Amino acid sequence: MQLLLSHKTALRFALSRKTLAVLFACIASALPSAPACGQQQSADLVLVGGNIYTVDQSRPHAEAIAVNAGRIVAVGSDKAISAYITPETQVIDLKGKFAMPGFIEGHAHFMGLGESMMMLNLHKAKTWNEIVLQVENATRTTPPGEWIIGRGWHQSKWDHVPSPNVDGYPTNFEMNLATPDHPVLLTHASGHMSFANEYAMRLAGVDLDTVNPRGGEIVKDENGKPIGIFRETAQALIQKVKTRADSQRPQSEKQAYSQRAAELASMECLKKGITSFQDAGSTLATVRTLRQLADKGKLGVRLWVMIRDDNERLRGQLANFKMIGYADQFLTCRALKRSIDGALGAHGAWLLAPYQDLPTSSGLNTASIESVTETAQLGIKNDFQVCVHAIGDRANREVLDIYEKMFREFPSQFPRRWRIEHAQHLHPDDIPRFGKLGVIASMQGIHCTSDAIFVPQRLGMRRSEEGAYVWKSLIETGAIVTNGTDAPVEDVDPIA
């Protein structure tokens, strides 16, 4: 568990999970004050000598805090909290440092974060040539025929457009020369597009005659030849071949991989002050893995998980996967996740009008209205929250329409707290609907600053100003607006 400490700057220091597992995930308004005289009191952990921010407006600061069995039992002055100290109590002197509750990551991908730390990191590359060089270097330590994978490239953030290119996207010509003996799969920073070299495309059987799958696009040059760029659902053409290769590995190796991914994700979160994590989409199989890790005490942060899986599998198994506070509050699973469009950076966000910089496209609808509606019905039937990824204004409108229809047909006396993940670009007419319907806008502040260099190019200035990243307008409608990092799309560090 992570505690944030500072004098003038935020110093970070980790305490044991056993003693701080629940310490700062509690709601501070429920914190008790120091006990009255004569009360029986004890604690297994006491922090003293600190500037503790409680997130309780009636008493925002304290010197000391007492914890027993993973629960906060009191906050107050050093003198008052000393009554909780016994010979068995672990006492930590903060020496005046600042302490605060751990952050809650509001939308990110837990296993994806861990897995991203076990592949090539392409985020910092300033040119396509740098990425080709990174991959070429990896071939020297990777046996021929083995996959080389990476994540984080973004064509709109390079110093110059690669040559040759199609619509600004690199072709795989240079990569093919550098990697004749290895299949290569490089995921876009957004996660909504991938690059594959000729070797990987050959394994997948992709050629001039391969047609676009529903909700996806194989980008081709003027002669109809695939260049190695796969948008949205077309990524599955390559990913399924990689998945098939992974499935041949020994079970022990696959389990070790999953455990390592969870361990790396936990460590990265705790290092950056995150103690709870809203996971934005895991399959039923992944949830099983997370449950096994929770049983073994291998989850370092509390997870609230959205299940993202096929409707048919959900119909047969969903009732067995509802978990609330499982394994000492480390695993909750009570939400469903779908994606109805792609990402703005990959020209995959579903728009009401064509892209300013790609007039031939209005983005991609990655799941049918009927399919998402069926997921919403499963959510109602099984008492699950529903969370749908929607970035473009057309996508957001369609999801709001689905939600409104469901709320009308299946009224509830309790707020359903359904969410739209990202809600990044809205038509002005749809902004008031969030507050009216009680739909949570699950947004990520870092996307605005990270995407700023290309949003006006994609949408034009009028649409960018009217409907992109409209936190204030949404809040004014009475909507609940959350935050998050969408890691590994962005760094999981909440400070930015």
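## Helix H12

H12 has 14 residues and spans 20 Å from first C-alpha to last, close to the 20 Å expected at 1.5 Å a residue. The expected span is 1.5 Å times one less than the number of residues. Helices here are DSSP runs of H or I with at least four residues, strands are E runs of at least two, and both are numbered from the N terminus.

This is a predicted model: local features need pLDDT of at least 70, side-chain atom pairs count only at pLDDT 80 or more, and totals for chains, interfaces and linings use all residues. Residues are numbered from 1 along each chain as its sequence is written, and side-chain values use heavy atoms, leaving out hydrogens and water.

## What H12 packs against

Several H12 residues are buried, among them Ser371, Val372, Thr375, Leu378 and Asn382. Buried means under 20% relative accessible area, exposed over 50%, and partly exposed in between (1.4 Å probe, protein chains only). The buried residues of H12 pack against helix H10 (311-317), strand S22 (331-339), strand S23 (385-390) and H13. Asp383 follows H12 and has a positive phi, near 60°.

## The crossing with H13

The axes of H12 (residues 369-382) and H13 (residues 393-409) come within 10 Å and cross at roughly 40°. Axes are lines fitted to C-alpha atoms, for helices over the stretch in contact, and angles run from 0 to 180 degrees between N-to-C directions. H12 and H13 are therefore oblique to each other. Angles under 35 degrees count as roughly parallel, over 145 as roughly antiparallel, 65 to 115 as roughly perpendicular, and the rest as oblique.

On the H12 side, the contact uses Ile369, Val372, Thr373, Ala376, Gln377 and Ile380. H13 brings Glu398, Ile402 and Met406. Contact means heavy atoms within 4.5 Å.

## Cis peptide bonds

Most peptide bonds are trans. The bond from Ser163 to Pro164 is cis, with omega near 5°. Pro164 sits in the loop between strands S12 (148-153) and S13 (165-166). Ala487 and Pro488 are also joined by a cis bond, with omega about 5°. Pro488 is in the segment after strand S26 (481-482).

## Positive phi values

Most residues other than glycine have a negative phi. Asp328 has a positive phi near 60°. Asp328 is in helix H11 (residues 326-329) and is exposed, at 53% relative accessibility.

Tyr469 has a positive phi of about 55°. Tyr469 lies in the loop between helices H16 (455-467) and H17 (471-476). Tyr469 is buried, with a relative accessible area of 11%.
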